Amino acid sequence: MSINKRNPVVAVLLSIITCGIYGLYWMACLANDVNIVSDSDPNDMCGWKVVVFSLVTCGIYYFVWLYKAGEK
């Protein structure tokens, strides 16, 4: 698999236009890209799990995932 190049400015604008829905997609893509780059199991923590857990915990899990991504 390859990683697509994404423009952060476009992501912010699309997140504003879509009321944050594109931001959730962006978060899922970043989680998947971290798994690809770190040569870990691609299903280790797939992007949609990160999004759902972050929504359920009101954003707390997102910071846990950022810490885990930093370790990878």
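1. In this note, buried means under 20% relative accessible area, exposed means over 50%, and partly exposed covers what lies in between, with a 1.4 Å probe and protein chains only. By that scheme Thr-18, with a relative accessible area of 30%, is partly exposed. Thr-18 is placed in the loop between α1 and α2. From Thr-18 to Ser-54 the sequence separation is 36 residues, and the C-alpha to C-alpha separation is 19 Å.

2. The model is predicted: local features need pLDDT of at least 70 and side-chain atom pairs count only at pLDDT 80 or more, while totals for chains, interfaces and linings use all residues. Residues are numbered from 1 along each chain as its sequence is written, and side-chain values use heavy atoms, with hydrogens and water left out.

3. Overall architecture. The chain contains four helices and zero strands, in the order α-α-α-α along the sequence. Helices (H or I, at least four residues) and strands (E, at least two) are DSSP runs numbered from the N terminus. The C-alpha trace spans about 35 × 30 × 15 Å along its principal axes. The radius of gyration, taken over C-alpha atoms, is judged against a globule rule of 2.2 Å times the number of residues to the power 0.38. For 72 residues a compact globule would have a radius of gyration near 11 Å, and the 12 Å of the chain agrees with this.

4. Burial and contact range. Of the 72 residues in the chain, 24% are buried. Contact here means heavy atoms within 4.5 Å. Among contacts between residues at least 6 apart in sequence, 38% join residues at least 24 apart.

5. Conventions for helix packing. Two packed helices are described by the angle between their axes and the distance between the axes. Axes are lines fitted to C-alpha atoms, for helices over the stretch in contact, and angles run from 0 to 180 degrees between N-to-C directions. Angles under 35 degrees count as roughly parallel, over 145 as roughly antiparallel, 65 to 115 as roughly perpendicular and the rest as oblique. A crossing is left-handed if the near helix is turned anticlockwise from the far one by less than a right angle, and right-handed if clockwise.

6. Helices α1 and α2. The axes of helix α1 (residues 8-17) and α2 come within 6 Å, crossing at roughly 140 degrees. This angle makes α1 oblique to α2, and the crossing is left-handed. On the α1 side the contact involves Pro-8, Ala-11, Leu-14 and Ser-15, which meet Tyr-22, Gly-23 and Trp-26 in α2. These residues divide into five nonpolar, two polar and no charged. For this count Ala, Val, Leu, Ile, Met, Phe, Trp, Tyr, Cys and Pro are nonpolar, Asp, Glu, Lys and Arg are charged, and the others, Gly among them, are polar.

7. Helices α2 and α3. Helix α2 (residues 21-37) and helix α3 (residues 47-56) have axes that come within 7 Å and cross at roughly 130 degrees. The two helices are therefore oblique to each other, and α2 passes α3 in a right-handed crossing. Leu-24, Tyr-25, Met-27, Ala-28, Ala-31 and Asn-32 of α2 make the contact with Gly-47, Trp-48, Val-50, Val-51, Ser-54 and Leu-55 of α3. By class, this contact has nine nonpolar, three polar and no charged residues.

8. Trp-48. This residue lies in helix α3 and counts as partly exposed at 47% relative accessibility. Leaving aside residues up to four places away in sequence, Trp-48 touches Leu-24, Tyr-25 and Ala-28.

9. Helices α2 and α4. The axes of α2 and helix α4 (residues 60-71) come within 11 Å and cross at roughly 25 degrees. At that angle α2 is roughly parallel to α4, and their crossing is left-handed. Met-27, Leu-30, Ala-31 and Val-34 of α2 form the contact with Tyr-62, Trp-65 and Ala-69 of α4. The class count for this contact is seven nonpolar, no polar and no charged residues.

10. Two loop cysteines. Cys-19 lies in the loop between α1 and α2 and has a positive phi of about 60 degrees although it is not a glycine. Cys-19 is exposed, its relative accessible area being 72%. Cys-58, in the loop between α3 and α4, has a positive phi of about 55 degrees and is likewise not a glycine. Cys-58 counts as exposed at 73% relative accessibility.
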